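Please keep the sequence and the structure in view while reading.

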Amino acid sequence: FPFPYTPYRIQEQFMEALYGALEAGRVGIFESPTGTGKSLSLICGALSWLRDAEERRQQEEARLLEGLSPAEPGCSGRPGAAAEPDWVTAFVQKKEERDKVDKLKDEQIRRRKREERLEKIRHNVQLKYAAKRKRSEEDETKRLLQLSKEALSQGAAADVLDQLDHNEEELILAEYESDEEKKLVSGLEEDDDLEEEHVTKIYYCSRTHSQLSQFVREVQKSPFGKDTRLVSLGSRQNLCVNEEVQRLGAVQLINDRCMEMQKNKHEKKSDEENDGKKRRTSRTVCPFYSYEQMQFLRDEVLVEVKDIEQLVSLGRETKACPYYGSRYAIPAAQLVVLPYQMLLHEPTRSAAGIKLKDQVVIIDEAHNLIDTITCIHSAEVSGSQLCCAHSQLSQYMERYRKRLKAKNLMYIKQILYLLERFVAMLGGNVNQNPGCQTVSQTGTVLRSINDFLFQSQIDNINLFKVQRYCEKSLISRKLFGFVERYGSPATAVKNNKENQKLGGLQNFLLSLQQSSDKEGTPQSPPVEAENDQLRAASPLMQIEGFLSALTNANQDGRVILNRQGTVGQSSLKFLLLNPAVHFAKVVEECRAVIIAGGTMQPVADFREQLLSCAGVDPARVLEFSCGHVIPPENILPIILCSGPSNQQLEFTYQTRDLPQMMDETGRILCNLCNVIPGGVVCFFPSYEYEKQAYAHWEKTGLLTRLATKKKIFQEPKKANQVEQVLVEYAKCIKRCSQAGGQMTGALLLSVVGGKMSEGINFSDDLGRCVIMVGMPYPNIKSPELQEKMAWLDKTMPRAAGQAPSRVLIENLCMKAVNQSIGRAIRHQKDFASILLLDHRYARPAIFNKLPQWIRERTQVKPTFGSAFAELRK
């Protein structure tokens, strides 16, 4: 766009391109820097299109209801209609039109009912709240009175006995009647009033819950905030208001416990027909899973735009489940906000009731979309987890063998056999301590899915059925409850017979701890850490994910056998090579898909690895990239080829560890910190190199010189320490700017791909200069990366004479660079300098992968003197 940049003009063109993509049903790749208000522009443009589409649809309905069908007379879309007599064609056409009119009338009635209900709720919110709270309090009082009466009549001893029986019953698997997938009966009645198939929806996805909450707050302030039906979706971990379930911690445990409580609620109806004692021993149900309360919460969600925090508060207040209440609001919603992991994983998408047919999907912050899809559909299990799961499941089967039905026993034996073969592939035995078994042949081996199944001798087992059984029977949840109650060596079981039966499991767990204590070898800490992890979640849950991954097509993934030291340290990992296979259904079903981000360069990965492999017609793909809102003089990007002592800057693996290279980097930082006010953020390729350079500067005394001008902060490895470091960093800069003196600000040493390279705003004085030390190429010796490169070379064509594997390496590097250097400029009046320390950035193949708004203003400086002069200005 022509200078000077204006926010209005950029947003106007952005929204025009977005509107056109939605109208034509395109797949759009949109790049827009943060300063343009990307997220809000995305949704305002989409809601404008949605409003216009809704008006057109209503006009079309009105024409049909008036008898003015848009179809030409005598036309019929049925095959073979031309060969039929005219009177048959006319009759069929009139019948189709009558059916369509009847359907439209039904939809109008439903819509009118919904609008009347929501309008009534808007004007009677306080009254409704008071009535619901009063009813809930009365129900609670009645329940407590009933419990106290039963306790007095039966006696405390009987209650204790009943409780023990009840706990034991909860651990037994329900009868598994069929291999075919069945729908679980939720016990809720269908409410057809809000089931509107015609409602076109926009599914807006972003990376984290915090980003979604921030986005919803912007929607609340926008012109669409009052008349848009918005629903925020999230995981049970974020939305569950049952404290008993939340205490489980692990996501899979929370999911399993919630599903089990639903099943118990349905089974409770048949229990109520029996005597009082039976009712007292009925299984635990969730008090928040109430249809009436969730129906009210659903209506409240549709009345007013709410983010996840407000939804959880409303759920606690009304004693209704926000997780299911929000899902029931999806059919009537216009805008559905959710994390993109929920949308990209098909089983999660189906469980949430998300139907993408002819809908619009907007994926924001999509720069790491390919990595996200790969991670979601990959899985890894350690040898220690496999052995522990086998021991737990064996003990469980022995204890409840007489209570389990034949099909349960059959599937449990199949799972035990799978675990035996997996451990055998790692060179171990399930009946021995994995921490004590030494692996004879160490190293990493890659296998195709079919080769792995044949070599492990499990190709005769239907993994689809086993996976479905694990999912439907909730076996991991039952096993976790069994281990929680009886498996821990510290837990004393009151019954002596139970002690004898469970001795094997306890002895196994004890042997893990004792052997690690006695040996005192370097392998012992990982084993102890693994034991701690087992207390947080059942290892069978990880194994279920691995079994699910093995059901992918043979050409789409690889199994990595990583044999290290002991069996416990070894692991099996499934690596997804073709993310497009899971993204294809999203693109096929949706009317339009918008992939957007502040920095999407290089976009070749999205076109080739996602869209081309998913079978998207190139004519359907639309690319749009807009400039930044800042004027050109507010940013100074420089590629520096040599340092103050004319040392060429080339941070390869061979040269970056040289003392002269680290000395030269230190001199550059010292010179820059002398003239740049406020905050300076320096990015290193890895934590190891940052630590190495810091130690070298400390040894040579250069760190002391740096500290005279800037207080030095280092990025922590632990996520919970990041906030504290950032707060101290900001306080130091503010204090120095107000007090004056010799110290002018702070220097933050960060890592590319770390906690501060994405999602952090170093605006204004927090980031007046961003320095990139070297080029953060990925580890090319990684087996996963090597397999990905080999797969790309086989499946992708060469681009501009370059092998696809080489392009992948460069793209991974430049994506990380672009994310890191984009931390500085955050709004229209911001300004900063960007320094790229490596002469390789000047190569055309690399230079062209910088964002356009940075690339067109970048200067290549062969010497440090000319670059320093520009920075002083």
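## The open sheet

Seven strands form an open sheet: 7 strands in the order β14-β15-β13-β16-β17-β12-β18, with parallel pairing. At its edges lie β14 (710–714) and β18 (859–861), each of which pairs on one side only. On average, neighbouring strands of this sheet are turned by 20° against each other, direction ignored. Strands (E, at least two residues) and helices (H or I, at least four residues) are DSSP runs, numbered from the N terminus, and two strands pair if DSSP finds at least two bridges between them.

This is a predicted model, in which local features need pLDDT of at least 70 and side-chain atom pairs count only at pLDDT 80 or more, while totals for chains, interfaces and linings use all residues. Residues are numbered from 1 along each chain as its sequence is written, and side-chain values use heavy atoms, with hydrogens and water left out.

Strand β14 is joined by 5 bridges to β15 (residues 745–751), and the two run parallel. Phe 713 has Leu 748 in β15 as its bridge partner. Helix α30 (residues 702–709) lies across β14 and β15 and runs at about 115° to β14. Axes are lines fitted to C-alpha atoms, for helices over the stretch in contact, and angles run from 0 to 180 degrees between N-to-C directions.

## Two helix pairs

Helix α17 (residues 383–400) packs against helix α25 (residues 539–549) at an angle of about 115°, their axes being 9 Å apart. The pair is therefore roughly perpendicular (65 to 115 degrees). On α17, the contact (heavy atoms within 4.5 Å) includes Gln 385, Leu 386 and Cys 388, and on α25 it includes Pro 539 and Leu 540. The contact residues of these two helices comprise 6 nonpolar, 3 polar and no charged. Nonpolar covers Ala, Val, Leu, Ile, Met, Phe, Trp, Tyr, Cys and Pro; charged covers Asp, Glu, Lys and Arg; the others, Gly among them, are polar.

Helices α28 (residues 659–675) and α29 (residues 687–700) pack at about 80°, with axes 10 Å apart. This angle makes α28 roughly perpendicular to α29. Among the contact residues are Met 662 and Asp 663 of α28 and Tyr 689 and Trp 697 of α29. By class, this contact has 6 nonpolar, 5 polar and 1 charged residues.

## The chain as a whole

The protein chain comes to 36 helices and 18 strands. Of its 873 residues, 51% count as buried (under 20% relative accessible area, 1.4 Å probe, protein chains only).

Conventions. Angles under 35 degrees count as roughly parallel, over 145 as roughly antiparallel, 65 to 115 as roughly perpendicular and the rest as oblique. Buried means under 20% relative accessible area, exposed over 50%, partly exposed in between (1.4 Å probe, protein chains only).
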